[in-house]
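Please open the structure in your viewer and keep the selection panel at hand. The stops below go from one group of elements to the next.

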Amino acid sequence: MNKMIRSLMLAFVCVLITGAQGFTQSTPQVFKGAQIIPISGEPINNGVLIVEDGKITAVGDANTRIPRGAKVHDVSGKVLMPGLVDTHSHIGEGDGGDRSSALHPDVRIMDTINPRAKSFKRALAGGITSVNVMPGSGHLMSGQTVYLKLRDANSVEDMLLYTDKEKTIYGGLKMANGTNPRGNSPKPGTRAKAASMVRELFIKAQEYKAKVDAADGDESKMPARNIGMETLVEVLEGKRTVHNHTHKHQDILSAIRLADEFGYNLVLQHVSEAWKVAVEIAASGYPASIITLDSFGGKVEAADLSNANGKYLDESGVLVGFHTDDGITDSRMFLRSAAMGVREGMSRKSALEAVTIANAKMMDIDDRTGTLEKGKDADFIILSGDPFSVYTHVEQTWIEGINVWDRNNPEDKEY
């Protein structure tokens, strides 16, 4: 009897809470009056976005039918667009490989992420809803990256973005070449040695894969388990993408050469001198995730970085996106990166895609996010004005139909 009473009381409390809030997650929510930039099509003035159960159910003009009983949000005069996707960040207080080796395919940054890190709030303040969090670039392989949806979470598992149906892959592999991973043994002393060490490890991975394939499920014939090799086999099988830190034009071509040799999926990260080899990058078919800077200094190998890289790559036919590399660029300033690309000649359309759908494609999550389309996750941001105006603020960030950051909330505004 006591158990029945407790259940009834709990149900009554839930009803009271629902009544106080006015709607539940299953209640349709309507955002009307804003200019909607769906990315998948032309901007819609005085548009309507409808959300239910965390998914987008309709995007259209003022004549779009509004469901009965919906919670209506008047966002007239605002701009509404997809949540931003960052392909290269270091938020979350994570780390990667140590000094014991130059190659750490077995290391998972997931095991070190702090879901309560304040840097996640800063990212939400910048309108970022999905992010590729990576270990550093001080090793040839610093470890496995992790793709996150910036939901409010108690554990990193609550934030994971899986890219396979089996829910085993939730990130890529961070690699680096050029100056960063060079040094004294066990690190390579030269660029040539760096490439040879990567090549040697992938050959071992091919041999490991051949043994696994030959065993054909027979445990007695399987090689001893090697979690580093397992990661590289996922790379070789196209299940895990390599995100390769690279700056100088010859290093860019080395990264392409290795990916071609072993047939793995590659995202070129940074590519500071992309303008020198834009045609070669386009011919490779690999996408490029770039950064813009408003002041220069630091790495000598990035001295020839051009903020016009977006223009050159886009005009050459490369799938190009921007990233923060936070804390190189503050996540709160992410939209400014695309605006600087426009200032240097990149088209407005391509620049908007470069912080949304292009990056979603590089992370294999474009079926869920990156555009405002029926059936996709309700990840979007509400802006006070034009996305590329210096006077514009991110006012609200929504993930899967939940308001996760609001400028009008004093606690959120601190960020």
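A crossover counts as right-handed if, with the strands pointing away from the viewer, the path from the first strand over the helix to the second runs clockwise; helices (H or I, at least four residues) and strands (E, at least two) are DSSP runs, numbered from the N terminus. This is a predicted model, in which local features need pLDDT of at least 70 and side-chain atom pairs count only at pLDDT 80 or more, while totals for chains, interfaces and linings use all residues. Residues are numbered from 1 along each chain as its sequence is written, and side-chain values use heavy atoms, with hydrogens and water left out.

Select residues 84–89, 118–125 and 128–133: these are β7, helix α2 and β8, and together they make a right-handed β-α-β unit. β7 and β8 run parallel and are joined by four bridges (two strands pair if DSSP finds at least two bridges between them), and Val85 has Ser130 of β8 as its bridge partner. Six of the six residues of β7 are buried, so this strand is largely enclosed by the rest of the structure (buried means under 20% relative accessible area, exposed over 50%, partly exposed in between, with a 1.4 Å probe and protein chains only).

Which strands form the open sheet, and in what order? Four strands follow one another as β4-β3-β1-β5, with mixed pairing.
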